[in-house]
Protein chains: 2
Amino acid sequence: MELSQAIPILSAAPAALYALLHGLPEAWTRCNEGENTWSAFEIVGHLIHAERTNWIPRARILLLSGEARPFEPFDRWGHARESQGKSMEQLLEDFARARAESLADLRALHLQPEHFARRGRHPALGIVTLSELLAAWVVHDLTHLHQISRVMAYQYREAVGPWSVYLGVLHCAGHGAPA
Amino acid sequence: MELSQAIPILSAAPAALYALLHGLPEAWTRCNEGENTWSAFEIVGHLIHAERTNWIPRARILLLSGEARPFEPFDRWGHARESQGKSMEQLLEDFARARAESLADLRALHLQPEHFARRGRHPALGIVTLSELLAAWVVHDLTHLHQISRVMAYQYREAVGPWSVYLGVLHCAGHGAPA
């Protein structure tokens with residue numbers, strides 16, 4: 001993990017989601033893969049919630065308290081109430097704003113090479129480093145872009161007929177995180 | 001498959017790829033998942049090649065000749081020579097232009113509801129309908145967005161440390177099309 005490699009992806013993610021999702025019919029953005037799965041709308045809500053409660057807040061705990069103080073547990077359903085009544089456009093704008101604030105906060109930490117090996121305590125995973133936390137932030141964006149492509153493709157799983165065998169996204173089981 | 005649902009995704013794809021990939025360090029766009037796998041650069045090259053030789057050309061063959069004339073086989077490595085020496089920015093612009101032309105061609109076909117069940121012959125898959133071809137075009141975009149997220153995430157598979165268990169994209173095997 002190098003900050004100069006991580007920041008360009010973190011910076012690009014809101015615009016990529018905006019370009020993909022803004023103005024799409026709700027048939028694409030509100031559909032999911034069945035019970036207890038998320039739509040693109042819920043995924044963007046989750047990204048906003050993670051932005052506010054997960055990445056930078058955890059980096060701060062790690063830098064301030066090291067292994068002594070575990071991170072707050074992350075609520076995987078924490079976005080549900082916050083997203084209620086909002087439009088997809090609003091969520092996309094909220095995510096862009098929340099990410100811009102996080103990146104400003106990240107810059108304000110003035111991280112130096114020696115900080116990246118600093119250790120903290122994840123409530124479930126145990127000891128983790130700042131470098132791992134920042135890499136996980138990047139891959140979390142990519143995991144959800146991967147998931148959004150899959151959720152939308154799922155709606156056409158029958159419509160593609162015999163082409164299904166060539167379209168890998170239709171055979172992705174989701175590799176879901178443990179509940 | 002409804003054209004009013006399919007067209008918004010087909011229209012959004014070039015901008016989504018541009019927002020994600022333009023200006024990213026080559027460490028992200030030229031990396032792959034190992035021998036005989038594609039980088040984001042190669043995937044965008046493949047999307048351009050498919051745009052020029054696959055979707056609209058096949059729709060035309062289907063509408064003109066039905067099952068009598070099989071589609072031309074698609075060359076999965078056909079992009080290699082065309083992409084050589086180009087930059088990622090050039091490919092992203094080429095894809096946007098090629099897609100805009102395809103969508104103009106699609107509109108010029110003036111498809112009516114009765115056209116969607118028309119049948120053609122895929123050189124490997126056999127009988128397919130126009131509706132299936134158009135749905136496959138949409139899911140092809142989503143398959144490659146899914147793949148690009150995965151290829152980039154792969155570069156951080158070690159860097160995320162214990163977070164790997166929560167990051168589904170790192171456990172995606174690719175579900176590759178048959179060679």
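Q: In this predicted model, how many residues does helix α3 of chain B have, and what distance does α3 reach from its first C-alpha to its last?
A: Helix α3 of chain B runs over residues 40-53, which amounts to 14 residues. At 1.5 Å a residue a span of 20 Å is expected, and the helix comes close to that, with a reach from first C-alpha to last of 20 Å.

Q: Is α3(B) mostly covered or mostly uncovered, and which elements of chain B are included in what covers its buried residues?
A: Taking buried to mean under 20% relative accessible area, 11 of the 14 residues of α3(B) are buried, and the helix is mostly covered. Among these buried residues are B:Phe41, B:Val44, B:Leu47 and B:Ile48. The cover includes, from chain B, α1, α2, α4, α5, α6 and α7.

Q: By what turn can chain A be laid on chain B?
A: The superposition gives an RMSD of 0.0 Å, with a shift of 0.0 Å along the axis, and the turn is 180°. The two copies are thus related as by a two-fold rotation axis.

Q: What area is buried between chain A and chain B, and which residues of chain A lose the most area to chain B?
A: About 4,800 Å² is buried between the two chains, with carbon and sulfur atoms giving 76% of that area. On the side of chain A, 15% of what is buried comes together from the three residues that lose the most, namely A:Tyr156, A:Trp163 and A:Tyr166.

Q: Which element gives the most to the side of chain A that touches chain B?
A: Across this interface the rule finds zero salt bridges, while five residue pairs are in polar contact. Elements of chain A that each supply at least two residues to this side include α1, α2 and β2. The most, with 16 residues, is given by α7(A).

Technical notes:
Residues numbered from 1 in each chain as written. Chains lettered and ligands numbered in written order. Predicted model: local features only at pLDDT ≥ 70, side-chain atom pairs only at ≥ 80, totals over all residues. Heavy atoms only, no water. Least-squares fit on C-alpha atoms with pLDDT ≥ 70 in both. Helix = DSSP H or I, 4+ residues; strand = E, 2+ residues; numbered from the N terminus. Expected span 1.5 Å × (residues − 1). Buried < 20%, exposed > 50% of the residue type's maximum accessible area, 1.4 Å probe, protein only. Contact = heavy atoms within 4.5 Å. Buried area = accessible area lost by both parts, 1.4 Å probe. Salt bridge = Lys/Arg side-chain N within 4 Å of Asp/Glu carboxyl O. Polar contact = N/O pair within 3.5 Å; in protein donor to acceptor, adjacent residues only side chain to side chain.
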